[in-house]
Amino acid sequence: MDTTAPAERDRRAYVAPLLSTVLTLPAAAVTLFFAGISPMACDSCEEAASDRFDASFGPAWTVFTGGLVLVLLLLVACWALPWRHGNRARRVALALAAPGAVVLNVIVFAAMVDWP
């Protein structure tokens, strides 16, 4: 005889992932756009500054895109958790971590690039 009661379904489990998705995806798209056009910042640079920028942009771009993959994985994990009351705290933590990871991703990218 099983004495443990099954966990109840959380009827509002979709709220945190939905708000996080609505906030995170547009923010990630905007950061991707601006990171993508950032090489234009050095179009009129002299050759030495341009070389430094280009050398730093490659690794920074790799880290940036990897960070966006991490953001996507956080959103997927947020939605994929079973919709039970016991997972509410984990779901909210993942939902808050996704937009935070976008902000952290931009900061790391900006710090890695040797801007002119």
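1. Contacts first. Of the contacts in the protein chain that link residues at least 6 apart in sequence, 78% are between residues at least 24 apart; a contact here means heavy atoms within 4.5 Å. Please keep in mind that this is a predicted model, where local features need pLDDT of at least 70, side-chain atom pairs count only at pLDDT 80 or more, and totals for chains, interfaces and linings use all residues. Residues are numbered from 1 along each chain as its sequence is written, and side-chain values use heavy atoms, with hydrogens and water left out.

2. Overall dimensions. The radius of gyration of the protein chain is 20 Å, whereas a compact globule of 116 residues would have one near 13 Å. That radius is taken over C-alpha atoms, and the globule rule is 2.2 Å times the number of residues to the power 0.38. Along the principal axes, the C-alpha atoms occupy a box of roughly 75 × 25 × 15 Å.

3. Surface and charge. The 8 positive and 9 negative charges have mean positions 27 Å apart. Lys and Arg are counted as positive, Asp and Glu as negative, while His and the chain ends are not counted. Each charge is placed at NZ of Lys, CZ of Arg, CG of Asp or CD of Glu.

4. Burial. In the protein chain, 31% of the 116 residues count as buried. The classes are buried under 20% relative accessible area, exposed over 50% and partly exposed in between, with a 1.4 Å probe and protein chains only.

5. Helix 1. Buried residues of helix 1 are Ala16, Pro17, Ser20, Thr21, Thr24, Ala28, Thr31 and Ala35, and their cover includes helix 2 (47-80) and helix 3 (88-112). Val15, also in helix 1, counts as partly exposed because its relative accessibility is 33%. The C-alpha atoms of Val15 and Pro26, 11 residues apart along the chain, are 17 Å from each other.

6. Trp61. This residue sits in helix 2 and counts as partly exposed, at 28% relative accessibility. Which residues does Trp61 contact, leaving aside neighbours within four places in sequence? They are Leu32, Ala35, Gly36 and Phe109. Its C-alpha atom is 8.8 Å from that of Val113, 52 residues away along the chain.

7. Two exposed residues. Glu46 is in the loop between helix 1 and helix 2, and at 58% relative accessibility Glu46 is exposed. Between the C-alpha atoms of Glu46 and Pro116, which are 70 residues apart along the chain, the separation is 9.4 Å. Ala55, in helix 2, is exposed at 55% relative accessibility. For Ala55 and Val22, 33 residues apart along the chain, the C-alpha separation is 35 Å.

Terms used:
Helices (H or I, at least four residues) and strands (E, at least two) are DSSP runs, numbered from the N terminus.
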